[in-house]
Each structure stands twice: as C-alpha cells, then as structure tokens.
Amino acid sequence: MRQLFRKNRMKELEKEAIKQDTHGDNGQEQDNYLNDHGWELLFKRSHDFKKTFYVNQKSGKKFCFSFMTTLIDESLLQNNALPYLLQGDFRDIEDVKKLIPIADVQVSEKNEDIEKKLFNGYVMLTLEDEEKRFAFIAAQKEVVRAVAQPEVEFSVIGPKESFVESIDQNLNLIRKRVPVKELIIENYTVGSLSHSAVAILYIDGITNTDNVDTVRQRIKEIEFDEITDSSYIVQLISDNENSPFPQLLDTERPDRVAAILAEGKVAILCDGSPHALIGPTTLVEFFGSFEDYFLNYLLSSFFRLVRLFAVAFSILITPIYVATLSYHYELIPKDLLSTLITSRREIPLPPILEALFLELTIELLREAGARLPTKVGQTIGIVGGIVIGTASVEAGLTSNVLLIIVALAALASFTTPVYRMGNTIRLLRFPFLFFAELWGLLGIVTSFAFLLTHLLRLTSLGRPFLEPLYPPRVTDFKDAIIRLPFKKQSKRPQFLRTENPVRFSEKKAKEKKDIDE
C-alpha cells in the first residue's frame, strides 16, 4: 500500500511539473520531460537538495552538479572535482572520468540510478548537451565515531578495539586482522526504505559453501522496509523465530570475528550496527568469553565451568526453593529446616508468590538501571536493591533466606558473557517456577525435558545447535565446555564441515618445539 501511494503521488507531482514547466501540446515532448526531469520535483521538496550550474572556461560547455548537502563533503567536491572541470578540456561525459582525480566516478544512462546514487553520497554531473547521460562522483561525508573499547564484551587483557556504526570502518578492522586474498566480502542491499548495506564475510577454501549459500539466500529473501541494526537481521534469518534462544552469535569485537572466520564460520555486518553476527553457532559458545583465549587453558576452563554452574544455579535455585517448601519438606536437613521455619514464621504469602514478588522486583530494578543514565542507573540498582530488600523482609512479605537466594540467582545470571543469552536465562526462570508450584520437583524435571527437547530440535543455519553434546562430537569438546591447549586444537570444528579441516600440523608443531628445546 505504501509503495502504491508513493507511485500515485509521484504521478501527480510529475503531472504538476509538466503543467508548470511545459507549454507545448506535443505528447511526446511531455513524455520526454517526464523521463528526464520528473524525478527532480520530489528532490526539490527537500531543503538539503542542491543544484548548481557552471561553465567551462575553455570550451564554454555548461555543466551542472546535483547532490544532497547532508550526505556529501562539499570541500571534496570543491577541491578535487570543480577546478578540473572549470579549467580542463573535455568533450563528453566519458572524458570526465579521465579528468577528475577521483577513483570512484561512474557513468550511467538509467534514471533509476539517480535516487540510489544521490542518497548514497554521490554527486550527479550532467552536461548541457547530454542530459540523458550523467556521471556520479563519489563525495561521501563520513560521520562516524572513533573506535573505542568494547562495552559489552570488555576484557582486561587483549585488544581494546570494538566495531562502530560504519560498515567500511568495521571491514577495515577485520581486513587488517585477516590480510589474505581468500577473505571474501559480498555486499547486499536490504530494506525497501533504508537500503541498508549488508556484508557477508567468509574465507574461500575453508568455509563450507552450503553455509555461505544459506546465509546468502536468507539475506536476499529478507522482505522488510527499514533495517536499522543487525538485530533485525537476527530475527529475520533465524531458523526458529519463535525460540527465545539466539541462533546467531553477535559480537562487537573484530578480533573475535577474525578468529571465527579462521574456524570456517560466516560473519554478517550491517551498516549502522556496531555488532557483527556469527553463524553457525552452538549453545556452548554463548558461555565462552573471548578473553578465555588470552588466558592459560587451565584458568579459562575453570572460568567456563564456573559460568555453566552459575547459569544452572540461576535458573534452578528459586524453583527448587518453591518446590521444596511446597511439596518436599522431607528433603531439607533438620538443621536447615528450623532456619527456614523461623524465617517464614510470619510470612503470609505462599512460596510461589513470595518468589515471584522478589523475582519481579529484581527485574524491575534491572530494567530501571539499564534505561536510566549510567550514573543514575548504578545508584538505582544498588540503593533500590538494598532498600527494597530490607524493607520487604522487615515488613514480613518475604523471608531473608529467599532474599539471599534470589540475589545470588540474579548475580549468577550476570556471568553470561553474551547479553542476548543473558536475557534468555532471565526468562527461563519463570516457567520453571510455575511448574515447580504445580508439581514440585517433578515439575522441574518436566520443564527441563521440554527445554531439552526444544534445544535438540533447534538449529543454527541448518546446523545442530546443541553440538557437540548432541550429536556427540568428541573432537569438538576440545574447545567447548573446557578449552584444551592451542597445540591440541589442530582441527577445525567438525560440525562446520569445512573444506579444509586442518588448521595446522600438530606433528610439525611438536617437532619444532623439540628442536627449540
């Protein structure tokens, strides 16, 4: 409907332009005017559209610049193009390409290229006697923020560069880390209104072509008008859009993208987004921080196990509390049972309402802290948690034991390195709570069975999401739950089916080490 309205409006404006600017009755002349100048009326309605006329000093040939002032660098036009066109000798539009010292100069005869080029930061050059042919001169204005430290995936050691909103700058950060000709970059335009630039990156000769074809096909089939961030692409090309689990790993670190490209995966960049997408991915990758590779393998393996334990603790501890107090008192040790009875002696609410009250309070504090300015948000999180927690215990609405449990569960959920997966962990706690209230520990087991079934059926770009747990891949465990030394990781992940599965010769590496010793 929007496109139909736009076409009808365009026809009305073009008819008005013909009535105002033509005086003859010849229908053919009106059609020519419509094809040659009808587009200009819509552009003139925008105050940032500018059209300037000049005359060549040698030949007297007239030429015209048309451009959007908000998208181009006018100093570049004045210094690198205009002096040569005013004083140089050129006869037709083709000579302009040789005359101007700018690499990106394109000549076209298609009217549909006008809108595309002008809104991508090009200047359109037309000559007086060649109105049907025009040259597009690249003069984009680069308005980007400087490369800064990662905010979400911050690491104490290792590189301190993160992606920015400019896709060209992001590609530069990756290119300098993977300076090989096999690194292929494919560009696409997505969004009927935004015309967002999207790039697919992979290493030829390593990445499985099936994975590249899958990403390429899904990017081409996107039907959406406005793509402002890579988060849109995640939702539009995921295997199961109804799953709370992210099926593509997003990262703001160029070093991480370079590492996964070497493994044989595919990366997706979107102009305007400071995050890159990685696929295919697996569940265990969301619990591994890229800082793990900068530490000794013993330390990184320990930290990964701590994160996995923290995730399980965050999801299960509150439901287990509710199930135990509602159905399974006999499972509680006698010494601990007396403490629980004392803490709940004056609590009027059942365990499920008590738990929901504290869980929702934690979520409210979390959301308030995230949406407010940084300094205010930190104050709200700390002061609000202390005040509300203490007041709820003194008022007899919650027990002090549950307050400690919920606080520990919230703290454990923050150990997830990937923000999207952290949100999923926050959501999973509530279904487990309701099933624990219905059927106790049996309800928790039932919830886990549903969760496991969903994960077994889930895929990422057609590859199993639960790998290497299922289907079991023993060789892929070397960098999954724990991380083995680099010398033991001579093979790329098996589930990727890479064209070149060998990263380096483990035998040669061992021989060189023996020689050095």
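This is a short tour of a predicted model, stop by stop, with something to select at each one.

**Before you start**

Residue numbers run from 1 along each chain as its sequence is written. In this predicted model, local features need pLDDT of at least 70 and side-chain atom pairs count only at pLDDT 80 or more, while totals for chains, interfaces and linings use all residues; side-chain values use heavy atoms, with hydrogens and water left out.

**The whole chain**

Show the protein chain as a cartoon: it has 19 helices and 12 strands. Both are DSSP runs numbered from the N terminus, helices being H or I with at least four residues and strands E with at least two. Of the 517 residues, 44% are buried (buried means under 20% relative accessible area, exposed over 50%, partly exposed in between, with a 1.4 Å probe and protein chains only). Take the contacts (heavy atoms within 4.5 Å) with a separation of 6 or more: residues 24 or more positions apart account for 63% of them.

**A hairpin**

Now select residues 183-190, strand S6, and residues 196-203, strand S7, which pair in the antiparallel sense over 8 bridges (two strands pair if DSSP finds at least two bridges between them). Within this pair, Glu-186 has Ile-200 in S7 as its bridge partner. Between the strands are 5 residues, and Gly-191 in this hairpin takes a positive phi near 100°.

**Thr-228**

Next, pick Thr-228, in the loop between helix H9 (209-220) and helix H10 (230-237). Is Thr-228 buried or partly exposed? Its relative accessible area is 37%, so Thr-228 counts as partly exposed. The side chain of Thr-228 makes a polar contact with that of Tyr-232, at 3.5 Å (a polar contact is a pair of N or O atoms within 3.5 Å; within protein, one must be able to donate a hydrogen and the other to accept it, and residues adjacent in sequence count only if both atoms are side-chain atoms).

**Asp-255**

Move on to helix H11 (residues 254-263), where you will find Asp-255. Asp-255 counts as buried because its relative accessibility is 10%. Its side chain makes a polar contact of 2.8 Å with the side chain of Arg-253. Leaving out residues up to four places away in sequence, Asp-255 touches Pro-159, Arg-177, Phe-290 and Phe-294.

**Ser-300**

Helix H12 (residues 297-327) holds Ser-300. With a relative accessibility of 0%, Ser-300 is therefore buried. Which residues does Ser-300 touch, not counting those up to four places away in sequence? Select Asp-292 and Arg-483 to see them.

**An open space**

A pocket is an open set of points on a 1 Å grid over the protein atoms alone, with protein on both sides within 12 Å along at least five of seven lines; lining residues have an atom within 4 Å of a point. About 1200 Å³ of space lies in this second largest pocket, where a volume is the space filled by probe spheres set on the points, joined across faces, edges and corners. Helices H14 (351-371), H15 (374-394), H16 (400-413) and H17 (419-439) each supply at least two residues of the lining, and H14 gives the largest share, 9 residues.

Notes:
On a 1 Å grid over the protein atoms alone, a cavity is a set of points where a 1.4 Å probe fits but cannot get out, and a pocket is an open set with protein on both sides within 12 Å along at least five of seven lines; lining residues have an atom within 4 Å of a point.
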